[in-house]
Amino acid sequence: MWRDWQVVRKVQVAGDVVTFVVKRIDDRLVKTSLPGQYVTVRMRMPDGKLQPRQYSLTRADDGEHRQFSVKRVSGEGDDPDGEMSTLLHETVGVGDILTLSLPYGDVVLDDSGRPVVFVSAGIGISPMAGMLSHLVAAESGLPITVLHADLDEASFPLRRQVVNDVLALKNARMYLWYEKGAQSLEPVDGVFEGLMDPTAVDIPGDALYYLCGPLPFMKAVRSRLIEHGVAARDIQYEVFGPDLWQADLD
Ligand SMILES: Cc1cc2nc3c(=O)[nH]c(=O)nc-3n(C[C@H](O)[C@H](O)[C@H](O)COP(=O)(O)OP(=O)(O)OC[C@H]3O[C@@H](n4cnc5c(N)ncnc54)[C@H](O)[C@@H]3O)c2cc1C
């Protein structure tokens, strides 16, 4: 299940987010990932213990590489900084070896041909970036709507890649919500100030929704969509941590 990869690229993609590209260093085939899946990265911590953490794949496979993005977790108040994200940001660089699992995850892009809506905030863009990349590789003509919320343009992780992928798709639109003001230099279809209201834009009635972001964000967006008539079964979500939300769902 575990396999070593070499870091061939490490690039900052927002103030507190870096993207790693790793390349295979053996002759084994690379197991194809499904759009939306993640890998587990296993690292030895300063106390000597091996720790696992999950990171969504942010690009479709090419048989040689994997790509994922890591937000640096800073401890609030007396809480410690995140162990693995800090190590990845501070100590891992090009040429280093990282140990990754096979791709896993059940929140994957449906292949029914229905319109797709990606709804994300902050680092929650990661699985969406992966799914968009797969859609670009497939030259998909599906109606795709990307809704993303962030503090401002500089905070939006993977912005360049995501905007380019939206532009490369024949039938994709993108709308942004920035807390610090409705300013964007990107060629998107709409920019709003404040918190996301997914019902503010036109979306096909039979769309499937994929949500990822902080729990309060996902809860608010999901409630709004359900009030607006979207069936709960048409909304999938990925939680970046233990799924403490599951118990609340009807
Ligand atoms: C399916 C899935 C996909 C994911 N995809 C991504 C992704 O694409 N990109 C990404 O950046 N992340 C992703 N994550 C989250 C990622 O796996 C890690 O959880 C994240 O990087 C934090 O790990 P860490 O080791 O840095 O933090 P940890 O050390 O695990 O700390 C997490 C939090 O707990 C607090 N904490 C730790 N110890 C204590 C203590 N003793 N007392 C009080 N508070 C404490 C820390 O302050 C911090 O806020 C994903 C998670 C899942 C489950």
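Let's start with a term: a residue is buried when its relative accessible area is under 20%. Keep that in mind. One caution, too: this is a predicted model.

First up, helix H2. Helix H2 covers residues 125-137, which makes 13 residues. How far apart are its end C-alpha atoms? They are 18 Å apart. At 1.5 Å a residue, the helix should span 18 Å, so the two values agree.

Now, is H2 enclosed or open? Of its 13 residues, 11 are buried, so the helix is largely enclosed by the rest of the structure. The buried ones include Ile125, Pro127, Met128, Gly130, His134 and Leu135. What covers them? The cover includes strands E4 (50-56), E5 (65-71), E7 (116-121), E8 (144-150) and E11 (208-212). Helix H3 (159-168) is part of that cover too. Just after H2 comes glutamate 139, with a positive phi of about 50°.

Next, look at one residue in strand E7: serine 120. Its relative accessibility is 0%, so serine 120 counts as buried. What does its side chain meet? The side chain of serine 120 makes a polar contact with the side chain of histidine 148, at 2.8 Å. Serine 120 also touches Ile125 and Met128, among others. Both of those are buried residues of H2. Other residues it touches include Leu147, Met196, Cys212 and Phe217.

Last, the surface. Met1, Leu102 and Tyr104 form a nonpolar patch there. Together they have about 270 Å² of accessible area. Methionine 1 sits in the segment before strand E1 (3-14). Buried or exposed? At 51% relative accessibility, methionine 1 counts as exposed, because the cut-off for exposed is over 50%.

Definitions and conventions: Residues numbered from 1 in each chain as written. Predicted model: local features only at pLDDT ≥ 70, side-chain atom pairs only at ≥ 80, totals over all residues. Heavy atoms only, no water. Helix = DSSP H or I, 4+ residues; strand = E, 2+ residues; numbered from the N terminus. Expected span 1.5 Å × (residues − 1). Buried < 20%, exposed > 50% of the residue type's maximum accessible area, 1.4 Å probe, protein only. Contact = heavy atoms within 4.5 Å. Polar contact = N/O pair within 3.5 Å; in protein donor to acceptor, adjacent residues only side chain to side chain. Patch = residues over 30% accessible without salt bridge, like charges linked within 9 Å, V, L, I, M, F, W, Y side chains within 5 Å. Areas by Shrake-Rupley, 256 points an atom, 1.4 Å probe, with all protein chains shown as cover. Salt bridge = Lys/Arg side-chain N within 4 Å of Asp/Glu carboxyl O. Lists of a residue's contacts leave out its neighbours within four places in sequence.
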